Amino acid sequence: SSCISDGLCEEVKWYFWNKENKQLYNMFLFIIAKPFKFKFSETVSINYELGKQFTMERMDWKLIFKPSILMLKITGMWPPGDESYGCDLYTLYAIICLLLFQVCFISFQGINLCFIIDDLEAVTGTIFIVVTDIGASLKTYGLIKNMKMLKQLMITVDCDLFQPRNSRQGELIQPNLKAWKIIVLSFWFFCSGWLILCELFPILDNSVQDYGLPCLSWFPYNFKASPQYELTYFYQAIALNYVATVNVNIDSLIAYLNMYIAAQFEFLCDNLRNLHDSKDVSKQLKECIHHHKEILKFADYANRFYNWLLFVQFAAGGLSIGLTMFQLTVSSKIPYAVFESDWTGFSPDVKKNLIIFTLRTQRSLQISAFGLFCLSLETFVKNK
């Protein structure tokens with residue numbers, strides 16, 4: 001009906017009419033200016049505004065995280081339903097996966113350290129992988145331990161209070177959703193690249209001819225024969241993919257919960273900005289205060305869920321960086337290697353060039369973090 005009044009005002013040349021016709025025309029416009037409604041009760045009628053309210057679809061927050069939930073289910077890290085682990089076949093499946101692809105995988109690498117203790121490069125490289133795997137296992141333990149808390153959080157995300165109230169709010173959180181998807185894709189991009197290089201490394205450096213494996217490990221059988229070697233190689237590839245999948249999806253879960261909390265604050269800010277549009281400002285303000293309390297409660301509950309996961313993440317990352325910095329200290333041994341050479345019989349020109357080279361190598365290799373500070377063993381120990 002509003003289109004009719006707009007069309008009449010724009011198209012009808014009423015200004016040429018006489019006074020009597022203008023009065024009749026104004027009365028007609030006044031009548032059609034009232035919105036037309038179909039009433040099916042005394043209190044509710046179908047109109048345009050109500051239509052907008054009904055067409056606002058309910059947002060399924062779980063659907064956003066559904067791919068990660070599916071991968072966690074495959075790895076045994078997401079029990080069916082809204083409950084934690086119980087006495088069922090899925091729990092047995094989860095235990096078998098953890099024993100085979102985490103406990104045994106890490107134990108075999110740890111035992112192998114006893115046999116390569118004299119090889120510093122092999123020891124540091126193995127410890128780097130073992131620390132990363134142990135970090136992923138501890139995060140897995142934290143996920144299983146707090147599974148009941150996580151399931152309660154996933155029930156809460158779809159409650160009515162945390163739903164967008166209109167299409168404007170639905171569009172408002174799209175940047176947050178996009179940022180979360182970019183973060184998750186970045187996780188998978190770098191993790192996939194590492195997995196491919198790690199699993200193909202024995203083939204790329206031709207150590208497969210000497211029965212080399214992606215990870216240096218000890219096994220209670222002779223794997224340097226066919227088909228034991230191929231089966232062992234396949235086992236390590238599956239274990240690496242299992243650990244990486246669980247680890248990346250746990251990190252994605254933490255990012256998802258943080259994104260969800262940020263989205264709720266966006267909703268709250270939008271409600272406060274449009275407080276003046278409400279018919280009952282006092283009631284709307286009370287709802288905003290209640291919403292804020294529930295957001296803080298949800299954030300505190302989420303933090304209690306993943307505080308252990310974040311601690312393990314930072315601890316494992318710090319140890320990995322420390323081991324990497326320890327490997328970089330090898331560059332400081334170059335002057336000693338030059339001194340140990342039989343340089344006394346060299347010509348004067350060679351000795352001169354050797355001295356210049358030695359002076360240059362006394363400045364050890366330095367890797368900087370965004371140009372702000374150098375990543376070295378000294379910096380790591382000092383910060384610790």
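**Buried residues, ring pairs and salt bridges**

Me: Let's start inside: is Gln-102 buried or exposed?
Reply: Gln-102 has a relative accessibility of 4%. Buried stands for under 20% relative accessible area, exposed for over 50%, and partly exposed for what lies in between (1.4 Å probe, protein chains only). Because 4% is under 20%, Gln-102 counts as buried.

Me: Good to know; what kind of model are we looking at?
Reply: This is a predicted model, in which local features need pLDDT of at least 70 and side-chain atom pairs count only at pLDDT 80 or more, while totals for chains, interfaces and linings use all residues. Residues are numbered from 1 along each chain as its sequence is written, and side-chain values use heavy atoms, with hydrogens and water left out. In short, the model is predicted.

Me: Which helix holds Gln-102?
Reply: Helices here are DSSP runs (H or I, at least four residues), as are strands (E, at least two), numbered from the N terminus. Gln-102 falls within residues 89-112, and that helix is α6.

Me: How far apart are the end C-alpha atoms of residues 123-144?
Reply: Residues 123-144 are 100% helix and 0% strand. Residues 182-204 are likewise 100% helix and 0% strand, with end C-alpha atoms 31 Å apart. For residues 123-144, the distance between the end C-alpha atoms is 31 Å.

Me: How many aromatic pairs does the structure hold?
Reply: Rings of Phe, Tyr and Trp (its six-membered ring) pair if their centres lie within 6.5 Å; planes under 30 degrees apart are stacked, over 60 edge-to-face, and the rest tilted. The number of aromatic pairs in the structure is 20.

Me: Why is the pair Tyr-85 and Tyr-90 called stacked, and at what plane angle?
Reply: The ring centres of Tyr-85 and Tyr-90 are 6.5 Å apart. Tyr-85 is partly exposed at 21% relative accessible area, whereas Tyr-90 is buried at 18%. The pair is stacked because the planes of Tyr-85 and Tyr-90 meet at 20 degrees.

Me: And what about Phe-219 and Tyr-235: which kind of pair do their rings make?
Reply: Phe-219 sits in the loop between α10 (174-204) and α11 (228-273) and Tyr-235 in helix α11, so this pair links distant parts of the chain, 16 residues apart. Both Phe-219 and Tyr-235 are buried. Their ring centres are 6.5 Å apart and their planes stand at 80 degrees, so the pair is edge-to-face.

Me: Which residues do ring pairs link into a cluster?
Reply: Phe-219 and Tyr-235 both belong to the cluster.

Me: Which peptide bond is cis?
Reply: Look in the loop between α10 and α11, where Pro-227 is found. Omega is near 5 degrees for the cis bond, which runs from Ser-226 to Pro-227.

Me: What phi does Asn-206 have?
Reply: Asn-206 lies in the loop between α10 and α11 and is partly exposed at 46% relative accessibility. Tyr-211 is placed in the loop between α10 and α11 too, is partly exposed at 34%, and has a positive phi of about 65 degrees. Asn-206 is not a glycine, yet its phi is positive, at about 65 degrees.

Me: How many salt bridges are there?
Reply: A salt bridge needs a side-chain nitrogen of Lys or Arg within 4 Å of a carboxyl oxygen of Asp or Glu. By this rule, the count of salt bridges is five.

Me: How many residues apart in sequence are Asp-251 and Lys-139?
Reply: The side chains of Asp-251 and Lys-139 form a salt bridge at 2.6 Å, N to O. Both Asp-251 and Lys-139 are buried. Asp-251 belongs to helix α11 and Lys-139 to helix α7, so the pair ties together parts whose sequence separation is 112 residues.

Me: In which helix do Arg-304 and Asp-300 lie?
Reply: Arg-304 and Asp-300 form a salt bridge, with the closest N and O atoms 3.6 Å apart. Arg-304 is partly exposed at 44%, as is Asp-300 at 43%. Because they are four residues apart, about one helical turn separates Arg-304 and Asp-300 in helix α12.
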